[in-house]
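Here are some notes to read alongside the structure.

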2 protein chains.
Amino acid sequence: MKFEVLILGSSSATPIYGRHPTAQLVNVNEQLYLIDCGEGTQVQLIKYGVRSNRIKHIFISHLHGDHYLGLIGLISSMHLVGRKDELHVYGPPGLKEIIDLHFLHSQTVLRYALHVHTTQDDVQDVIFENENLLVSSFPLDHRIACTGFRFDEKKHLPTIDREKTEAIGVPSAYLSLVKRGYDYTASDGTIYRWQDLTVAPPAPRSYAYCSDTVRTPSYLPFIQQIDLLYHEATFLHEMVDRAVDTYHTTALQAAEVAIEVGAKKLLIGHYSARYKDLKPLLQESRETFAETQLALEGNWYRI
Amino acid sequence: MKFEVLILGSSSATPIYGRHPTAQLVNVNEQLYLIDCGEGTQVQLIKYGVRSNRIKHIFISHLHGDHYLGLIGLISSMHLVGRKDELHVYGPPGLKEIIDLHFLHSQTVLRYALHVHTTQDDVQDVIFENENLLVSSFPLDHRIACTGFRFDEKKHLPTIDREKTEAIGVPSAYLSLVKRGYDYTASDGTIYRWQDLTVAPPAPRSYAYCSDTVRTPSYLPFIQQIDLLYHEATFLHEMVDRAVDTYHTTALQAAEVAIEVGAKKLLIGHYSARYKDLKPLLQESRETFAETQLALEGNWYRI
């Protein structure tokens, strides 16, 4: 099953050096989910060949402009190109009021159903679930209400060990029960444990998005044992005072977080405009956590 | 004196084919004025080498997203790069409320003074004036409250005809009075008319911006004898019914307006996403009004 993330925007506050404000597209089994939607996200989607109407769920971390000012334009364009499918947007208190005020003054009545769900910034919360995926929000520590998002692939069913089931003669009608954990009793009364008739599934994968936040222990419980951790790394550690003042993180701190939570891989982004060259940020993080990559726009990262 | 306009965005509703939503930069004597501010305008300014903090006045025609969704991002970026000069924004009722709500939720306190002035969509109104320039808003006829903007260069003083004044022996202290329309009385009592001592100044130039609007006679009085008319031409005339339904104009209609108001030149823009190739729009307009040009992003047009 496909599970990967496309970086659409990697810049902090201001667009610069061809970098755009934050947005990411997560593809889980060909279902597309957008995380944050900085100004220009709809143009980035066009650039990377993504039809925006394939997106059914948008998750907004917080109401600083560089994380959501492209949302109204994207919602409007979806309307203009004839979207009919409903759209779900998840974001902090205030987001619905902002969207409503825009459409009040533009006198827009969307042709599709838009549902705005308010996230909570004080508790972890499952905000979306389908047959493959579970998405939860969790509190980050930023200047204003801000949440991270965690994408957990659901546990897969085991696969049938055909060689064994055929040797035993398990009727095909029973196989879907066996996959679901029912033992098989043969006509001679022999009981075959389902574990012995199946091959264990691959472990479910997980992706966590942490931007924007200051380095605190408070959100670490929510991102334990994550496969791929996206963590903001706005500054080099020589600017740690500025990072603390502005409720941001350094590349070193992102690496420390990755180690503390047992992350397999780390993706850093949300680069300050002071860094034209990103290699020093990558180097700083890799010195502590080797499995770091830069979030680069247009790149897909497999989870 | 410089008087020219840079096209930053030429697309209607949605960004497409590398075209961006509406924004224009007017340079009058090295003072920069922004008209409309679609999503991505701040990136377009960077692309064309314009420092946004040189802009002191922004004029917003109406509250459809493609004409103003870049405004909050631009205002925020000006703040982040340390702007100190005050900024004046002129736009329809509702604009201030939208800006205030954004900054309430992002908890932004701008480091510079932002003044939002509400335009009127039922009367012509002088909204800005300095020593070189007069800007007025005037009603257009769109689905929601919408104004055009007219930039009028102020009348220049005549230049002194040095040959004559030196022959007569007009003292240099009198010359600035002569320029301002005072006759000169020589010591022998001869009166020299100021008109005979000066060379008439070039006629003051004018630029009008008409987007978005349906074709009606109502706004023609406000754009009479304009030097350069920017007029939206969203559709080809074969789509005139759609133009009327959506309160827009065709390329033919833009040309007809240019003729009716005695415009010297016409610039068409705000192209529908259905036209990848813009030549048919240009051709249609030129068949009626030869002095038509396409508004193309990155191009400066002299007035």
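1. Please keep in mind from the start that this is a predicted model. Sorted by class, the lining of the second largest pocket consists of 13 nonpolar, 19 polar and eight charged residues. The volume of the second largest pocket is about 930 Å³.

2. Which residues lie closest to the centre of the second largest pocket? Among the 40 residues of its lining, these are Ala13(A), Arg143(A) and His248(A), together with His79(B) and Leu80(B). When you look for the elements that give two or more residues to this lining, you will find α7 (240–245) in chain A, and α2 (71–80) and α3 (95–105) in chain B. Of these, α2(B) supplies the largest share, with six residues.

3. The largest pocket holds about 1200 Å³ of space, and 49 residues line it. Nearest the centre of the largest pocket are Ser76(A), Leu80(A) and Val81(A), along with Ala13(B) and Thr14(B). The elements that give two or more residues to the lining of the largest pocket belong to chain A, namely α1 (41–47), α2 (71–80) and α3 (95–106).

4. How many residues does α2(A) give to the lining of the largest pocket? It gives eight, which is the most that comes from any element. Taken by class, the lining of the largest pocket has 22 polar, 19 nonpolar and eight charged residues.

5. In chain A, the axes of helix α8 (residues 251–261) and helix α9 (residues 279–288) come within 8 Å and cross at roughly 35 degrees, and the crossing of α8(A) and α9(A) is right-handed.

6. Where these two helices meet, α8(A) brings Ala251(A), Leu252(A), Ala255(A), Glu256(A) and Ile259(A), while α9(A) brings Leu281(A), Glu284(A), Ser285(A) and Thr288(A). By class, the contact of α8(A) with α9(A) is made up of five nonpolar, two polar and two charged residues.

7. Finally, the domain assignment of chain A deserves a careful look, with domain 1 given as 3–156 + 202–302 and domain 2 given as 165–199. How many Å separate the centres of the two domains of chain A? Taken over C-alpha atoms, the centres of domain 1 and domain 2 of chain A are separated by 44 Å.

How values were computed:
Residues numbered from 1 in each chain as written. Chains lettered and ligands numbered in written order. Predicted model: local features only at pLDDT ≥ 70, side-chain atom pairs only at ≥ 80, totals over all residues. Heavy atoms only, no water. Domains from an automatic or database assignment. Axes fitted to C-alpha atoms, helices over the stretch in contact; angles between N-to-C directions. Helix = DSSP H or I, 4+ residues; strand = E, 2+ residues; numbered from the N terminus. Left-handed = near helix turned anticlockwise from the far one by under 90°. Contact = heavy atoms within 4.5 Å. Nonpolar A, V, L, I, M, F, W, Y, C, P; charged D, E, K, R; others polar. 1 Å grid on protein atoms, 1.4 Å probe; cavity = no way out; pocket = protein on both sides within 12 Å on 5 of 7 lines; lining within 4 Å. Points joined across faces, edges and corners; volume = space filled by probe spheres on them.
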